[in-house]
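Here are a few friendly notes to read alongside the coordinates. They follow one annotated site, then the space around it, then a neighbouring helix.

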Amino acid sequence: MDDIKVLLVDDHEMVRIGLAAVLGTEEGIEVVGEASNGADGIRLAQEYKPDVVLMDLVMEGMDGIESTRRLLQICPECKVIVLTSFLDDEKMYPVIEAGAFSYLLKTSRATEIAQAIRAAAKGQPIIESQVASKMMNRFRQPKPSQLPHEELTEREMEVLRLVASGKSNQDVADELYIGIKTVKFHVTNILAKLGVEDRTQAAIYAYRHGLVE
């Protein structure tokens, strides 16, 4: 089986030297190139076609987020493993959305980095435990509650706007080409969803929330 070809992209030379030395002792892993910035990383990816790229996030010029996005456009089969010191939301989530396959912190042990490389080559993503916990906490946060009118269907919104403009049930039926019973059904649903008692209160709600001019 061929060695897993790895490209290192990090603006700190000592980090690259350390990674190259550690990974050089790992069987089945070959460091094929090193880049100190995102632009050079993309160029070397085109040249060496690595299986895995270890990508730093914060670099001068093109950061790891944009580098990941562009690199995967030219080398879609490549697996990008983010290796960074940062856990803040404005960096972590954008790079995952850009296509990063795994996310590790630079505090990870050498064996953990090698394990992530081997897993990535097999198509198995690995997320460092602190990162996974942060992601889970984000998704556990309660979603903002909806306003009552956001529960209305498109047709109900049409009926509400016409009612708020002073149209009768028959006027609404004529304008929307629907039966008057259907209009009454929609009005009943609208009042219930908005939590109001009558058409006048529904109209006031519509004007207060900018649903009609």
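**Notes on the annotated site and its surroundings**

1. The unreviewed UniProt entry carries the annotation "modified residue: 4-aspartylphosphate", and this covers Asp56. Please keep in mind that the model you are looking at is predicted.

2. To find Asp56, go to the loop that runs between β3 (52-55) and α3 (64-74). Is Asp56 buried or exposed? Its relative accessible area is 3%, and buried means under 20%, so Asp56 counts as buried.

3. Which residues does Asp56 touch, leaving aside those up to four places away in sequence? The contacts are Val9, Asp10, Asp11 and His12, then Gly64, then Leu83 and Thr84, and finally Lys106.

4. The model has one cavity of 30 Å³ or more, and the largest cavity holds about 40 Å³. Asp56 is part of its lining, together with Leu8, Val9, Asp10, Leu19, Leu54, Met55 and Leu83. Two elements, β1 (4-9) and β3, each give two or more residues to this lining. Sorted by class, the lining has six nonpolar and two charged residues, with no polar ones.

5. Now for α3, at the other end of the loop that holds Asp56. The buried residues of this helix are Gly64, Ile65, Ser67, Thr68, Leu71 and Leu72. Viewed down the axis of α3, they fall within an arc of 160 degrees, so they line one face of the helix. These buried residues pack against α2 (38-48), β3, β4 (79-84) and α4 (89-97).

Notes:
Residues are numbered from 1 along each chain as its sequence is written. This is a predicted model: local features need pLDDT of at least 70, side-chain atom pairs count only at pLDDT 80 or more; totals for chains, interfaces and linings use all residues. Side-chain values use heavy atoms; hydrogens and water are left out. UniProt positions are given in the numbering used here, feature names are shortened, and annotations may be inferred rather than shown by experiment. Helices (H or I, at least four residues) and strands (E, at least two) are DSSP runs, numbered from the N terminus. Buried means under 20% relative accessible area, exposed over 50%, partly exposed in between (1.4 Å probe, protein chains only). Contact means heavy atoms within 4.5 Å. On a 1 Å grid over the protein atoms alone, a cavity is a set of points where a 1.4 Å probe fits but cannot get out, and a pocket is an open set with protein on both sides within 12 Å along at least five of seven lines; lining residues have an atom within 4 Å of a point. Grid points are joined across faces, edges and corners, and a volume is the space filled by probe spheres set on the points. Ala, Val, Leu, Ile, Met, Phe, Trp, Tyr, Cys and Pro count as nonpolar, Asp, Glu, Lys and Arg as charged, and the others, Gly among them, as polar. The arc is that of the directions from the helix axis to the C-beta atoms.
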